[in-house]
Every structure is written in C-alpha cells, then in structure tokens.
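Hello,

Here is the structure I promised to pass on. Have a look at it first, and my notes follow below.

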Amino acid sequence: MAVETSEVSPHDPGGPRPGSPPDRDAAVSLRGLRKRYGNLDAVAGIDLDVQMGETFGFLGPNGAGKSTTIKILCTIVEPTGGAAVVAGHDVLRERNAVRRSIGLVFQETTLDDYLTAAQNLRFHADLYGVPKRDAVARAQGLLEMVGLADRRDSKVGTFSGGMKRRLEIARGLLHSPRVLFLDEPTVGLDPVSRATVWKYVDELRRAEGITVFLTTHYLDEAERCDRIAIMAQGRIVALDTPDALKAAVGADRVRLTATDPVAAATALSTRFDVEATTGADGALTFHVVDGERFLPRLLVELGVPITSVSVTRPTLDDVFFARTGSTISDADSVPAGPPRMRRPR
Amino acid sequence: MTATEGTTTDGTTTDGTAATDMTIEGTTTDSGAPTTGASAARPSLEPRSDRVTVAPVRLAGGGPAHYVRAVRVIWLREVLRFAGDRTRIVSGLIQPFLFLFVLGTGLSRVVAHTNGVDYRTFLFPGVVALSVLFTAVFSGISIVWDREFGFLREMLVAPVRRSAIVVGKCLGGATTASLQGIVLLAIGGLVGVPYQPVLLLGLFGLMLLTSFAITALGLVLAARVKTIQAAMPLVQMALAPMMFLSGALYPIGNLPTWLQILTRINPVTYAVEAMRALVFSYLTIDSATRATLDPGVTWDGWRVPGGLDVVLVVVLSLVMLTGACLLFRKAE
Ligand SMILES: Nc1ncnc2c1ncn2[C@@H]1O[C@H](COP(=O)(O)OP(=O)(O)O)[C@@H](O)[C@H]1O
Ligand SMILES: [Mg+2]
C-alpha cells in the first residue's frame, strides 16, 4: 500500500497579488521589487505586504537577497525595478520620510569604535533631529533597557560583539521608528547574547507595538516571527505563519537506522512505496504523512531489523526543502553567486 | 513627557494616520511636513509591558536647524576623534618640525641669495601650508575608514542631506589641521617670524581656509574608494606632487617653463603664496631681497595680485565642496 509523500512542486508563495498597487497603510509594501547586479538578479521580483505591528522575518540562505532587500527598503540602494513603500512612504521619492520612520541594524556593525556608547547615541540623536530635551532621557532609558547603562562612557571598541549589537538596537530605536529593520541581528553572537537580542525584540513588540522586520538564516529565529517569507535566489518561495508553512508541508520526517540499510531501503521502497535517502552516517530519511501512525506499521511490516527510529514534525527547513529541493544549510554552503565583498573584521 | 503620558496618547490614536497624511504624491520629504509622526500613529496590538520605560520621541527635523545640528555633530566627531588620537597629533607635529629644523637648517648653509634672511624664515610659511596639507588630506581620506568600519552607513541612512556630512567633515578637517598649526605658529619666533597678533591671526585664518579646501579635495579623491588598501597609495600619489610643486620649499620665480606651469596649476601654490606674502609683509627687509624670495605668482609674466590668491583658494574650496556633495549624493 502506497504512502503519501511530499513532493517538490512550483508553488504560489502567497502574499499580495503581483501588479496590485502598494498598500500605503502597511509597514512595508513591495510590488515586483527587483535589483540587478551585473547579470545577477540579487532580488528577482518580490511582492509582499507586512502589516503594522507585525514581527516579520526573511528566512533564507546566504546570497538569497535578504540584505539587498533591506538596503533598498532603507533607501541606500536603488531598486532596478518595482515599487517599495515603507511606513507609507515611497523609498525612491520620499527618502527622508522613509529614513525618519525606520530604525536600522545592519548585518555589519555601524558604530564608531572610538566614541563612547553615549557619544554614539548622541551622534544619532543629532543626525535624526531628536529634540534635545528628549534625547538624553530616551538614550539613558534605552541604554538601561539593553543593559549598557553602566558602560555608557566606555569606548565602543572595548565592547563584545553582543554588547555592540545591543547598543545598535538601542540606537536604532532612539528616534522612535515605526519599523525596525534587523539584518541578521544575531549572527556571530553567543547563545546568551542571541537570547538577549530576542528578549528585546519581544519586549518591543509588546511595549511599543513596533513593526520588526528581520532577516535570519537560523530556523529557530524564524519560528519566533508572526509571519515569515522564505527566500531563495532573490525570490520569495513561501510566505505565511511558521505554523501554517509547516502544516502545509504535511509530511513528517522519519529517520531510521538498521543493521542492513540497503535491505531496509529496498523494503521501504517495495512494501511502502517510499524512497528514502541514505545519509553519510548510513541513516535513512524519508517523509510520510502522519508519521506517528505510520510507525507501528513500519515496525511490524518492514521485515528488516531496525536499530533506531525517530519521527519529527516538519521544520522550516523541510518547508524550504519542499519549495526549493535543497535544505537551507546545503544552500548556505554552496555560494549562490560570486563571492561577496567582505569587511576584514 | 513621561512614559505613561506618551503611551496613553499613543493608545488612543488610530493606526496609519501619519501614512494617510502623506498619500498625496510628490509630497516632499524635506519640507518638515508631518512626515514621521513616529510616535503618534502606533497601534497598540498587545498589552503594554511596564518594563520598557522609554518615552517615544517625535522628530523635529527637516529644517535648517536640523541641518546645522547634523553638521555640528559630524564636525564634533572629527574633533573628538582627533583629540583622542595621540599618535596622530604627535606624528602630525613631527613632520613640520623635521622640515623646518632639519631640512631648513641643513639647506640654509648652501642656499645663496637670501641676503641675510634666514632660509628657515623663508621656509616657515611653506611648512605651515604643508602641515595643513598633510593633516587635512588625511581628514578627507578618513571617510574611507568610516566606510570600511561601517560608520559611513550610519551617516548615509540618516534623514539629512548628504551635504551635511560633507560640510561637517570639511569643517572638522579644517579645525583639526588648524589646531595643529597653532603649535607651529607658536614656535615661529625661533626662526625669526615676529609675534604680531594680526600676522598670527591672518595665518590662522589662511590655515582654516586652506585646510577646509584640502579636506574637501581629500573627500573628492576618496568618494569612490572602497578599501583602505586602495586609499594609501592614493594619498601618496596626491600628496607628493602637491608638496613639491607648491613653492613651499623654494621660491617660484625664475623657474624653467615646465616647472612654472606645473607649480601654477597646483592649488597649494596659492595657499603658500598667500601665507608667505603675509609673513614677508611683517619682515624688515629691502625690496630686492623680497623680490627674490617672495616674487609672487606670475601667470605668463602677469603678477597675480595679493588677495587673488586667497580668492583662488576660496574658489577651490567651493569647487571641491560641490564635487564632494555630488559624489556622495549617490554613495551607498
Ligand atoms: N554590491 C553588490 N555588487 C554585486 N553583487 C552583490 C552586491 N551586493 C550583493 N550582491 C549579490 O547579491 C546576492 C544577494 O546578496 P545579499 O542580499 O547580501 O544576500 P543575503 O543577505 O541573503 O545573504 C548575492 O549573490 C551577492 O553576491
Ligand atoms: Mg545578508
């Protein structure tokens, strides 16, 4: 008897109808957004609406076009085509209005190491025109929020990566933006700092109702977003809540080891019509709908001794796999384009 | 405004009011219109936490006051960074001292035709100009460091005209170079330059003007340079000819034609000339000696009148400033 398996298929990712006008009430509204570098489509046509107050995530491997999209949204890169509206303002025609409405934490730090934490914040307040009477109090409050109040007069160069990130988040909030962009906010951070960064994100959305738009290639971080868009090679391949995306995959992942993996694979194929892939460690992996009910049948009917078996609910990596045919970590290790210029730090 | 006040008003406003204010197409962004309304139109989707006690702020910006404030803080950053960088201060002082006391003393024994004027007195205004040149070019080029270490991006995404960045940097370069020059002015007496307040003030003013122009020039050179490795040879390439072809180290009368032409197209020549003419006007020497040592800049035999050299440096600043603004308007 055959078992329903998942398959790779072209899929409507969801989201707004291409060609419809951008939604000016949305926090971020993109229509057919494109950016070309030479003959590489870094962003290859994105349609997306992110509502005010949402925590929204871009999940995708390196080179998917996440940072490029963020740079277009914060007006430092001009799109090759399409429309982008941020907090009701067009990124091409109303640059300054966009800039005043958004807070930014880029993938690479943008702090001045030679200035103190307080000086970095003061610089930001002056550049953004935060009223002087409010700026000091707000800076102090934010420094307290990110636990850096006692280091306010230390040079930023003496800070750890996690402290710098926290300071950048505080700085990004200094001018009360409506939308906060965080590009890979936790890359290169230790687990404790990562958890701290997330604590602020959760606090922000609760306390200030701020829209948080972040990118990540960590699955567990994507899970914490209200909705995510899975990106691959400049396109959105899936767009929904993490739960809905996983539910749509349907199939659970079964991983089993057997004393004779070859016989087990053959038995799976002939008895259950399931094609398993053999991992480097000899374990067999395959997808079936409702794995927990499948398991008892497997144990009884396989006819080959099994040493261990596990059933996992679909993860976002399975969603990525279902839509692109590869896993995020695989896609990460194979550069999708020419190697990026990197800062030597 | 306290946290509670801020949040209460927040909670009662509806979502998207700021956005609807701005739906008219072509509404300009710099007009100071009710653009951001950063705090006003925030929805309260979930219960508020009392852990965050930070009141939202409303941006004033857009107008000339905001522009001046942005320029000022960019200037301030240059000054703070300079003040905190002892190696830069010291190395910036060593070079002019070497020129004045080592090169000057060494050469004064072989330089003829000075009619009793100390060669180092002649050299002094040149060294002042060179000191300003070195410091200011680096101030301009330092934008490459800002780019490499990411801080430039913080400036580029701010809601302020790009020219504020350029003007702030140039004022910062002018301030730091001139502060360093003050040390030189203080030791002028050692090489026979009189301590006349008007002379010193005049030299200080010329230093400010020259360093402003040279910082702007450095910004133009650096605008499209992406890495520090590429910036270093660029500095060398720019500095050496500007120094040697300026008349800082030798009088520029009676030069072979090719050298005449090269010195005349070098803007530093006019800065040196303005400073030297000022110093020489305070020396008690006969006109023949002055004509040898400070012949003034001539264009194909026509003597550029005093004052025009200053005007030329002003023009240079404006051209470089405009160029830098244009280049940074498109920078990412
Ligand atoms: N300035 C640039 N010039 C040329 N190619 C670029 C540039 N920036 C990004 N790219 C390319 O665009 C693609 C998307 O990059 P990016 O947006 O940084 O991806 P991600 O942030 O998802 O890792 C990559 O292939 C990258 O090499
Ligand atoms: Mg990236």
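Let me start with Gln107(A), which is partly exposed at a relative accessible area of 25% (buried means under 20%, exposed over 50%, partly exposed in between, with a 1.4 Å probe and protein chains only). Please keep in mind that this is a predicted model, where local features need pLDDT of at least 70, side-chain atom pairs count only at pLDDT 80 or more, and totals for chains, interfaces and linings use all residues. Residues are numbered from 1 along each chain as its sequence is written, chains are lettered from A and ligands numbered from 1 in the order in which they are written, and side-chain values use heavy atoms, with hydrogens and water left out.

**The magnesium ion**

Gln107(A) (OE1) and Ser67(A) (OG) coordinate the magnesium ion, ligand 2, at 2.0 to 2.2 Å. Donors here are N, O and S atoms within 2.8 Å of the metal (3.2 Å for Na, K and Ca); water is not among the atoms, so the site may look incomplete. Ser67(A) belongs to helix α1 and Gln107(A) to the loop between β6 (102-105) and α3 (117-128) of chain A, so the pair ties together parts 40 residues apart in sequence. Ser67(A) counts as buried, at 12% relative accessibility.

**Ligand 1**

Ser67(A) also meets ligand 1: one of its polar side-chain atoms lies 2.7 Å from a ligand oxygen atom.

Best wishes

Methods
A polar contact is a pair of N or O atoms within 3.5 Å; within protein, one must be able to donate a hydrogen and the other to accept it, and residues adjacent in sequence count only if both atoms are side-chain atoms. Helices (H or I, at least four residues) and strands (E, at least two) are DSSP runs, numbered from the N terminus.
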